[in-house]
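Please read this briefing alongside the sequence and the structure shown below. It is grouped by topic.

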Amino acid sequence: MEIRLAADLQIDSIVDGLGIRTVIWTQGCKHKCPGCHNPETWPFTGGALVDVKYITKEMDKLEGQTGVTFSGGDPFYQPKECAYLAKHAHKLGLNVWCYTGFTYEQLMSLNKKNPDIMSFMKEIDVLVDGPFMQDKKSLDIKFRGSSNQRVIDVKKSLAEDKVIELDLDSKPSHHHFGRHDHKLYI
């Protein structure tokens, strides 16, 4: 199985979720948000096709990372491939964040036509959802570009069948991201 990526794995990111993260940059996005910081990831023919097993071998070599973040492009245009990689991240004890231009509610609806979406959702700990909106851009919010975007605890949201947002303003001591513990504690 191959996934289309926009770039090599980015190691040691501190801006793509809590902790020190490795980012998987997917290629392809139909949202085309004005002001997007990665417009080169929009074309579905761009980037390169990479075998997912190559990526898992690269993930096996990671050291000092607390999690993996899927970004792009939009990872939900390749949900089966991303679910495979996210599952491997959990096996390594890493938590999983994902950025998408879809809203949580849109993904729940799209899942009815494409069950791979739910397979991926079940492997995500934190989802940053919604399109980037230039008129709602803010440098004062954590881990997102515009105030319409939400930072969602996916496990709790799926269990309670409603969106449960994370409180990113709580004290850092309430966040636990151990390498061998992929559960998210807030």
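The model is predicted. It holds 3 salt bridges, and Glu105, Asp129 and Arg150 are linked in a network of such bridges. The count of disulfides is 0.

- Arginine 150 sits in strand E8, which covers residues 150-153.
- Its relative accessibility is 18%, and arginine 150 therefore counts as buried, the limit being under 20%.
- A salt bridge joins arginine 150 to glutamate 105, with 2.7 Å between the closest N and O atoms.
- This pair links distant parts of the chain, since arginine 150 is in strand E8 and glutamate 105 is in helix H3 (residues 104-110), 45 residues apart.
- Glutamate 105 has 41% relative accessibility and counts as partly exposed.
- Arginine 150 also forms a salt bridge with aspartate 129, where the closest N and O atoms are 2.5 Å apart.
- Arginine 150 and aspartate 129 are both buried.
- Leaving out residues up to four places away in sequence, arginine 150 touches several residues, including Thr103, Tyr104, Leu127, Val128, Val163 and Glu165.

**The salt bridge of lysine 61**

- The side chains of lysine 61 and glutamate 58 meet in a salt bridge, at 3.0 Å from N to O.
- Lysine 61 is exposed, with a relative accessible area of 57%.
- Glutamate 58 is partly exposed, at a relative accessible area of 24%.

**Asparagine 95**

- Asparagine 95 belongs to strand E6, made up of residues 95-99.
- With 1% relative accessibility, asparagine 95 counts as buried.
- A polar atom of the asparagine 95 side chain lies 3.1 Å from the backbone oxygen of threonine 66.
- Asparagine 95 and arginine 21 are 74 residues apart in sequence, while their C-alpha atoms are 9.1 Å apart in space.

**Cysteines**

- With a disulfide taken as two cysteine sulfur atoms within 2.5 Å, the count comes to 0.
- Cysteine 29 is in no disulfide, and the nearest cysteine sulfur, that of cysteine 33, is 6.2 Å away.
- Cysteine 29 counts as buried at 7% relative accessibility.
- For cysteine 82, the closest cysteine sulfur is in cysteine 98, and the 6.7 Å between the two sulfurs is too far for a bond.
- Cysteine 82 has 0% relative accessibility and counts as buried.

**Backbone angles**

- Most residues other than glycine have a negative phi.
- Aspartate 12, which is not a glycine, has a positive phi near 70°, and its place is in strand E2.
- Phenylalanine 143 is likewise not a glycine and has a positive phi of about 60°.
- Phenylalanine 143 is found in the loop between strand E7 (126-129) and E8.
- The relative accessible area of phenylalanine 143 is 16%, and the residue is buried.

**Nonpolar surface patch**

- Ile14, Val15 and Ile20 form a nonpolar patch on the surface, and their accessible area together is about 290 Å².
- Valine 15 is in the loop between strand E2 (10-13) and strand E3 (21-26).
- Valine 15 has 58% relative accessibility, so this residue counts as exposed, the limit being over 50%.

Conventions. Residues numbered from 1 in each chain as written. Predicted model: local features only at pLDDT ≥ 70, side-chain atom pairs only at ≥ 80, totals over all residues. Heavy atoms only, no water. Patch = residues over 30% accessible without salt bridge, like charges linked within 9 Å, V, L, I, M, F, W, Y side chains within 5 Å. Areas by Shrake-Rupley, 256 points an atom, 1.4 Å probe, with all protein chains shown as cover. Salt bridge = Lys/Arg side-chain N within 4 Å of Asp/Glu carboxyl O. Helix = DSSP H or I, 4+ residues; strand = E, 2+ residues; numbered from the N terminus. Buried < 20%, exposed > 50% of the residue type's maximum accessible area, 1.4 Å probe, protein only. Contact = heavy atoms within 4.5 Å. Polar contact = N/O pair within 3.5 Å; in protein donor to acceptor, adjacent residues only side chain to side chain.
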